[in-house]
Structure formats: structure tokens, C-alpha cells
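Dear colleague,

Please find the structure below, followed by an account of what was found in it. I would be grateful if you would read the two side by side.

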Amino acid sequence: MSGRITRIDIEHLAPLARGCSVLGAGGGGDTYTTLLAARYAIERFGPVGLVDLDDLPDDALVMPCGGIGAPVVGIEKLGTGEEGGWIRDGLERVRGQKVAALMAGEIGGANGMQPINWAAHIGLPVVDADGMGRAFPEIPQVTMEIAGISASPAVLTDERGNHISISAVDGAWMERIERTLSVEFGGRASSTEYSLTAAEARTATVRRSVSLAIEIGNAMAAATQPIDALRETVGARVLITGKLTDVERRVTGGFVRGRVEVEGLDDHRGRTVLIEIQNENLVAMDGDRVLASVPDIITVLDSETAEAIHTERLRYGQRVSVVAFPCDPIWRTSGGLRLAGPRSFGYDFDYVPIEDLAA
Amino acid sequence: MNERLDLRLGIDVGGTNTDAVVLDRDGALIAKAKRPTSPDVTTGITAALDAVLTEPAVEPARIGHVMLGTTHATNAVLERSRLERVATVRIGAPSTTSIPPLYDWPADLREAVSVGETIVPGGIEYDGREIVPLGAEELRRFLGSVSGRAEAVAVTSVFASVSDVHEAAAADIIREELGGVPITLSHEIGSIGLLERENAAVMNAALRTVATEVATAVGSALSAHDLHPVIFFAQNDGTLMALDYAVRHPVLTIGSGPANSIRGAAYLTGASDTLVADVGGTSTDVGVLVNGFPRESSAAVDVGGVRTNFRMPDLVAIALGGGSIVEDADPLPKVGPASVGYRLREQALVFGGGTPTMTDAAVACGRLELGDREPADARRGELERAMRRSDEMLADAIDRIKTARGEAPLVVVGGGGPLVPDRLPGISEVIRPRNHDVANAIGAAIASVSGQVDRIYHPGPGGRSAMLDEARQVAHDEAVRAGADPGHTEIVALEETPLAYLTSPAVRIRAKAAGPLRSH
């Protein structure tokens, strides 16, 4: 492996975007516009430092951040690029401390790219970590919540420069309050929650996920069989290779829910795998048998291009490879499973790590 | 309709040939002609037109309507030629400043098209509110800086498909500042997705001259025969726009070819729900006809290196055609992507050439009688294996385009049709209509006129049904504006998508209306 990446330049953006999509488990939003915004920001302000949490002073303040709201609004209102600076200013006022670095609240999808754009504007580095190691739908579904870090104070801003500091009793209330405010802001907002010190972040976040995303993107681009690259970089297992034969999707309670069926082809002929979706891919089943489940990561890749397919873009007839790989160990603790295990999504079975499930 | 003006003339400009057909009042084909497509496109159109009008069955004076499917606009973008110089106005500061207009365009195309870009304050929220007021002063300053250089202006506001008030206000200011320069407003061109809609609007503005030129050329070719019919242009969703509408929306002609072939195939067979394979010399397009219209793609469409959200048919295109070159390999021979193209009649084995092609394979396998079969028979083993490979490629393409399990019929059109076997997995019946070689021109001639809406709606006091009624009405009015007969215009597609991650209900509705041509 090549040396550690210490700054993110334009050449890293395409692999980062690809890696973020793979880690997104089908969610986190399309990376197309965030990739362009990050490129434009780096062109004007220069590359963005990528720091390891070990290299920051213990008391350095780390600001997790990202976008919240309807993805469809994000393809019209692309953002100003200044939002990260406004959130930073608000957080510094409330906490009375300078922010040392930005961090992606979730590495999966567009939110994994967004902090790069914002950090370039204000000349701050991003830390090589995030709060999920994947994508999840709700604000409190982050590793900082498991570690007992408070969601408050949060700062929420729109593209006009309105900003609101929020103190909520817990993560669930933070979710309710921010969701409502983001509608008032026009369907989308930018925010920070769960700010923490570097010392806290060393055990409360998913470490080195930014460099992992770039490594995934680079390895997939270099490999003749991109899926083999995923086996090596993240220990991915191919659950099935086949064709989407059924797609069922509906929106309830603000979330996209549904299921897709993949019928095996070639070596997998005769098998059928069902994937349950709630914004992200949650569970993969073969009949009654669970092949993989949250919080482990299930990603559907296009068989021809090996690009990760967003759950909203799954369509009958697509040739796909379904892969699954282990989540960060912090999600496998009792606290992690309470927040994002199968039972937290309404399933009546206990989580078994993908490594312990029969293929 | 005037009894003396009861004939329709359809023209299709393809990559190899320009076809013209004449249909009578009952829609029966009475004449057809094929001429090579010329580099300037117009010469080929004139030749095909002259040829079909001199067919004995045609009484030229009875031609009432001419429908043209043309690649002029596509070629202009691909070749970066004859494009207008455009001033690009985005109404979207501060909400969109993180990505400037035309940022992702190939440098040479941007160079050829743009005289300047700006992002002025303004834009609309998804619920119809103003994000911030329109920056009229900023807009006037920008227009001053491009005055005299801008031949056209493209205007794109955030959520213009929810409300066009900022685009309309900007158009008034542009007319005040720049006089009669043509203006493209994005809400007339594209759907949701700011960058894609903006790209389409700018391209549209750049294509005004091309559209005017082709309209004039067709008009004078017809005048030479002393004909003055009503002229329509085929657009990429398989329907027609009136000439004046087409001149203002030339970008919508991009990609009309595949839509015409799907519609033409439907017409030749009478089917309204079927799969269609258009097999040419180099490639095969497989598409789907649903409720009489080509199914549209939901993915972004790349035109000349620019991302757009055009209403294009959903197609699976494979590099397989009558001219595809066969290369022997183990275990299966390679078929395509290389093709002998228009040199088939010199290079194929059955015509005495030295290059084995899929046409030779079709002859060797008894699917086609053409030329001298002896040289093809001599390499029968290899060619039979190539045919098996070709059948697999077709079966795979058909499987990928299908939206539902079970069997469906397949209509085969185009010169490479004999490559398609009579039996294919997942196909109930292979239909080979007469005159399949001019399906595209027929598709243009018989198309109906449509209008469409793609907007975000919020359920009001009238609830869901009032919301859907409004969308239907807008689509209907759009169709009538484009030339459809108001009495016979119907809603042909209606799609509701609730928006995720919002606490207040909002629904994206896409509706399309279509009707036959209005007589006059």
C-alpha cells in the first residue's frame, strides 16, 4: 500500500466519491453534485488537509457535519459552499472554543463528500474518521451516541445564512427538531451535532474511513474485477450475482421502504436473494435464512460498471452483484445494536456478524 | 380536414440513410424512398423528398403535413458547429453558488457556446416560496457586460418547475436590456435537477440558428414542388412539435430517432405494448412500447459530453448489426463492435469481399437469402458459432430491458432484422412487419402531439385529486399549445413520487398528455 494520504486533492475526489457510494449501503444520496462542488472548492482554495485523530491535541474540537433533508431538494439547491463556515462560527460561539477540524457525520454517499467542500472554503482540515462508517437515516444513529457524547449543542443553517443553535434533551429529539426546521428552510439544511474533542473522537468514531473510501475507489478502478478489490479492501462477500426480478418501493413516514428480489445467474443460478430496504439496504435473506443484516453493510453493485446503485435507482432487469461486509466493531456492541441492529428496524431476529453467517 | 390535403409525409434522417414515406388518410403507406444521409443533412433531406414526391402513387398537391425526424441538432452539438453564442443566467444565488454554470462542460463546447455566465440572486423553494427576491440589478449589470456579444440567453431558476415567476420576470428584464434576442427559459425544457436542466436550456439557446436553418431548408425544398404543408418536428419522446415550437425548443429533437422507430414499429403491427428491436448495420437498439409510447429513461443522458435530463426512450443499445465483423476465437467467436458499415456490399463474404460479417452468418444459417452463399457456407462452422453468440447478445439485451416477468412479443425493424431468430427466451412471438425498413419515417409521420409536466405539488384543500387534476390540466394545455387537437387529447402517463425525508407532504408528479394533430 502507498503512503498515508495527508491531503485531499482533486485526484482523490473521484475515488472518494466511489468509495463513499460503496460504504453508503444504498443510501446517503447521490455523490454527483457534491463531487463537483468539492472539485470547484479545491480549485479555488487548494487541497484539504486530512488529519489522523492521533495527530490532533487531546482537547482539539472536532466538528461532525453534513446535510439533512430531502435529496431531491439537493439537486436543485446545490448549496453555497459557505454553510460549513457558518456552522463552524455558530458552534464556536456556543462552545466558546475554536474548531480544529471538520468530520463527516456519515461517510456513506453525498454526506461523505460534503465536509471536503466546506473545509476547503474555511481552510480547515478534515479528520480521517466519521460517525457511521456507512450511511443511516437518522441523526442519532452515530457512533458518538453509543459512546455517550451529547448531540447538543447542534447548529443548523440554510444557504441564506440563517442559523439556529439547538439544545435538545437527546438524539431522538434532535432528529425531530432538525427535521422540522429543515422543512422551514426549504427542505434541506446543513448541520453539526455531537461535536467532541479529539481525545473523545479516538474511541467514539469510525477511524480512517476517509482514507478507506479513497482506497476502495482506487482499488476498484485499478482492478480487472472490481468486486475482488472489495474482497481485499473491506472483506466483502458476494451474496449473489444475478438480475433484479422484483422491485417494490413505497414512502411511509418520510422514509423510502421496500424490497427487491435478485435471481441468481451463472454460478448463482437457482438461488434467489431478497433485500429489505429502508433508505439503505437493511437485510439480505435467502428464504428464511439471513445472509447479512444491519449494522453490517449491504451494497448492490451494477455487474457491468461495478458502481454502487442507490436504493432509489434500483430497477427491474438490472444485472447486479450484491456484496456485504463487516461494519465497524463499535456497532456490534450492545449499545450499537440497540441503535442500529435488526431489532431497532423492527426485525424479529438477533444480529449475527456476517463472518459467522453461512455464505 | 381539407380533402385535398389528406396525405402525410414523414422524413427520418438516420446515420446511414435519409428515408421519406407518404401515408394516405387511412395511414396506409403509398410510397417510400431511401437516399444516403449527406454530411450537411439538408441535401439528403431534399433528395429523399424529391424522390418520394415523384413516386407515381403520390399526388404531391395533396400533402397536408410533413413530419421531420432530424439529427441536425445532435450533429451540431457533437461537431460544435453552427452554434449560437449564449449568455447563461442562473437565478440561484446564494442557494447554488457551490457549482457555477457549465462547470462540467467539455472545454471546447463551452468555448464554442458561452459568452458569459452569471448567478444572480433569486430562486424558488420546493413549496413555491421565494428563496430570496430576484436580483434585478445584478441581472441588468450582467446583461450590460454581454450586450452585443450574446446571440441568445438561457435562463434557469431554482425549482422553475414549481414556479416560473423568477424566470418570467428575468425574461422581461432581458427584453428591456437586449431587445429581441431569443430567450430560453429552463422550465419549458427540462424537469427537476438544476444542473441538467440548465445544461439543456443553454444547449437549446445555442441551437436556435440550426433549427431555423433546417426549417427554412425543408420549407424551400417543399416550395420547389409548390407545396406549403404544415411542418412538424419529431421530438425525443416520440411525439411531434409544431414548427414554431420546434424552432424555439430545438434541443428536444435530440434523440428523436429511436423514439420514431419504436412508434413506427407499433404502428406497423398495431401493438400498443410490446418490445421493439431496431437492428441496423452497426448496432441494435431494444426499447419498450408502453401504452403506445416509448418507455422513458430515468437516468441522466449524456449529449456531446454534457449531462442532461432529456425525455429519452429507455433503450438497451448493443454493438450488433448486419455489418458487425466476426472474428474467430475460442470458445465463441467475437461479434462486433467493429462493423463494415456502409461498405457491406463490398466487404461481406456473400458480396465477394474478404470480411466475415453477421450478414454472412445470417446467410450461412439460412435466415437470409442474399448474394452468393458459397463463400459463407465455406466458413459455416465459425459463422454458426457467431450466430449463437449473436442470439445470446440479443436475448441478454431483451432480458435487460424487460420490466416484468413473463413473455412479451418482439417487433423487429431495420435492415439487420434477419439476424433476429424466430424464437428467443422470454419472447412469445417475433413479429416482422412489412415496410420495417422505413419504420422510423413512418414513426415520424404517424406521431401524435404531446405536452408534459414534471413538478412538485403540495396537497391543498382539494387533496390528492385536485393536485392530480391540476397536473393533468397543465399537461393537456401544453399538448394543445404544441399543436394537438384539444378534443382528442388524453393523459397517457401519470406518475406520483412522494418525497422522502420531509415532514410535510409533497409529491413529485409527472404527467403527459398526447393527442392527434389538430386539423385546420
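**Backbone exceptions**

A:Asn279 is found in the loop between strand 13 (272-278) and strand 14 of chain A; helices (H or I, at least four residues) and strands (E, at least two) are DSSP runs, numbered from the N terminus. The model is a predicted one, in which local features need pLDDT of at least 70, side-chain atom pairs count only at pLDDT 80 or more, and totals for chains, interfaces and linings use all residues. Residues are numbered from 1 along each chain as its sequence is written, while chains are lettered from A and ligands numbered from 1 in the order in which they are written.

Phi of A:Asn279 is positive, near 60 degrees, although the residue is not a glycine. A:Asn279 counts as buried because it has 26 C-beta neighbours inside 10 Å. The cut-offs are 20 or more other C-beta atoms within 10 Å for buried, 12 or fewer for exposed, and anything in between for partly exposed, with C-beta atoms placed from the backbone.

A:Tyr194, also not a glycine, has a positive phi of about 60 degrees. This residue lies in the loop between strand 8 (188-192) and strand 9 (196-197) of chain A, and it is buried, with 30 C-beta neighbours inside 10 Å.

One runs from A:Ser152 to A:Pro153, with omega near -5 degrees; A:Pro153 sits in the loop between helix 6 (143-146) and strand 6 (154-157) of chain A. Another joins B:Gly336 and B:Pro337, with omega about 0 degrees, and B:Pro337 belongs to strand 18 (residues 334-339) of chain B. Most residues other than glycine have a negative phi, and most peptide bonds are trans.

Leaving out residues up to four places away in sequence, A:Val322 touches partners including A:Leu239, A:Val262, A:Ala284 and A:Val300; contact requires C-beta atoms, placed from the backbone, within 7 Å. A:Ala284 is part of strand 14 (residues 280-286) of chain A and is buried, with 25 other C-beta atoms within 10 Å. Although A:Ala284 and A:Val322 are 38 residues apart along the chain, their C-alpha atoms are separated by 9.0 Å.

**Helix packing in chain A**

Helix 1 (residues 10-23) and helix 9 (residues 209-222) of chain A pack at an angle of about 100 degrees, with their axes 7 Å apart. Axes are lines fitted to C-alpha atoms, for helices over the stretch in contact, and angles run from 0 to 180 degrees between N-to-C directions. The two helices are therefore roughly perpendicular (65 to 115 degrees; under 35 is roughly parallel, over 145 roughly antiparallel, the rest oblique). The residues of this contact divide into 12 nonpolar, four polar and one charged, where Ala, Val, Leu, Ile, Met, Phe, Trp, Tyr, Cys and Pro count as nonpolar, Asp, Glu, Lys and Arg as charged, and the others, Gly among them, as polar.

**Confidence**

The predictor gives the complex an ipTM of 0.92 and a pTM of 0.86. Chain B has a mean pLDDT of 87, and 96% of its residues reach 70 or more; pLDDT is the predictor's confidence in each residue, from 0 to 100.

Yours sincerely

Methods:
Contact = placed C-beta atoms within 7 Å.
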